[in-house]
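Work through the exercises below with the sequence and the model side by side. Try each task before reading its solution.

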Amino acid sequence: MSHWFDIQQMEEGVFMLLEPGHVQSYLVLGNDRAALIDTGMGFTDIRQAVASVTGLPVMVLNTHWHFDHIGGNCLFSDIRIAACESELLVQPVTSGYLRKVYADPCRMSGVPLPADFDADAWEINSPPPTASLTDGDTIDLGGRLLHVMETPGHTRGSLSFWDERTAALFCGDFIYNGTLYAHFTDSDLAAYRASLNILESMDIRKIFTCHNEPELPSRFIGNCLDAVTAVLEGTAKGRQVDDWGAPAVRYDFGSLAVLAKCQDSPGIDLLACMA
Ligand SMILES: [Zn+2]
């Protein structure tokens, strides 16, 4: 059994599967089945980590198609994502790309990797989704409902999941006390603002994120909304930066930042990078 995952209980029936320094996935337990919200980096077997918590059948709910959220998809048979990201999900992520953009920089900067990790063999190949998810869908885990929300902005098909029992929101890469990434080809700042406006009107007690601080109070919805609005309305001053080898504009707001596309730029094409 790998000791890579740091498993922490966050709420009744809610467990965080933390890959230290990288990403966190979440396991939500009902009476009849469990939802695994994202499957992490694929460095090592997340299914074993899940099995150490529950023997319930597991469905994977992907918040979006980015490789650091789908690395363990290949270990599961029930995988769900927004319909518009079904084809993106199955694009193979090659070991050459992963080593170049991720594993080698992690090694050089001292970000931890599993002791037995072989970057040359690391590939991410998700099977096709078994179902697509739409705004308003409910996932019945048995005595526990997860509500599916479309929250486009980071990507076109970004999803969040609201747990009725705890009023917690699992938001993928959508909200952070850190940098909001809105500089990809399928990112959309106006959609980001619209999604945040909808979340502002909901009964959300806390937010579980996939990077940085895992648990945030609901006021971060308003904080992110203020930041994105300032960028859209031109009241914030940005500076050009390089991110993933391409130019973007960074706007800083204290602990928050927004990375946006440069004017006249289509944004960073992750698919092209992965080819
Ligand atoms: Zn992402």
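**Exercise 1.** Which residue with a positive phi follows helix 5?

Solution. The model is predicted: local features need pLDDT of at least 70, side-chain atom pairs count only at pLDDT 80 or more, and totals for chains, interfaces and linings use all residues. Residues are numbered from 1 along each chain as its sequence is written, and side-chain values use heavy atoms, with hydrogens and water left out. Helices (H or I, at least four residues) and strands (E, at least two) are DSSP runs, numbered from the N terminus. Gly234 follows helix 5, and its phi is near 75°.

**Exercise 2.** Describe the span and the surroundings of helix 5.

Solution. Start with the span. Helix 5 covers residues 219-232, 14 residues in total. From first C-alpha to last it reaches 20 Å, close to the 20 Å expected at 1.5 Å a residue. The expected span is 1.5 Å times one less than the number of residues.

Next, burial. Buried means under 20% relative accessible area, exposed over 50%, and partly exposed in between (1.4 Å probe, protein chains only). Ten of the 14 residues of helix 5 are buried, so by the cut-off the helix is mostly covered. Among them are Phe220, Ile221, Cys224 and Leu225.

Last, the cover. Contact means heavy atoms within 4.5 Å. The elements covering the buried residues include helix 4 (189-200), strand 13 (206-208) and strand 16 (246-253).

**Exercise 3.** Which residues coordinate the zinc ion? Classify the site.

Solution. Donors are N, O and S atoms within 2.8 Å of the metal (3.2 Å for Na, K and Ca); water is not among the atoms, so sites may look incomplete. The zinc ion is coordinated by His64 (NE2), His66 (ND1), His154 (NE2) and Asp173 (OD), at 2.1 to 2.2 Å. Their spacing in sequence is H-x1-H-x87-H-x18-D.

Now the angles. Four donors count as tetrahedral if all angles lie between 85 and 135 degrees; four count as square planar and six as octahedral if opposite donors are over 155 degrees apart and all others between 65 and 115; anything else is irregular. The angles among the four donor atoms of the zinc ion run from 92 to 166°, and the site is irregular.

Check burial too. His64 is buried at 1% relative accessibility, and His66 is buried at 4%.

**Exercise 4.** How many disulfides are there?

Solution. A disulfide is a pair of cysteine sulfur atoms within 2.5 Å. The count is zero. For Cys84, the nearest cysteine sulfur is that of Cys210, 17 Å away. Cys84 is partly exposed, at 32%. The sulfur of Cys171 lies 6.8 Å from that of Cys210, its closest cysteine sulfur, which is too far for a bond. Cys171 is buried, at 2%.

**Exercise 5.** Count the aromatic pairs and classify two of them.

Solution. Rings of Phe, Tyr and Trp (its six-membered ring) pair if their centres lie within 6.5 Å; planes under 30 degrees apart count as stacked, over 60 as edge-to-face and the rest as tilted. The count is eleven aromatic pairs.

Take Tyr26 and Phe208. Their centres are 5.4 Å apart with 40° between the planes, a tilted pair. Tyr26 lies in strand 3 (residues 23-29) and Phe208 in strand 13, so the pair ties together parts 182 residues apart in sequence. Both Tyr26 and Phe208 are buried.

Then take Phe117 and Trp122. The centres are 5.3 Å apart and the planes at 75°, so this pair is edge-to-face.
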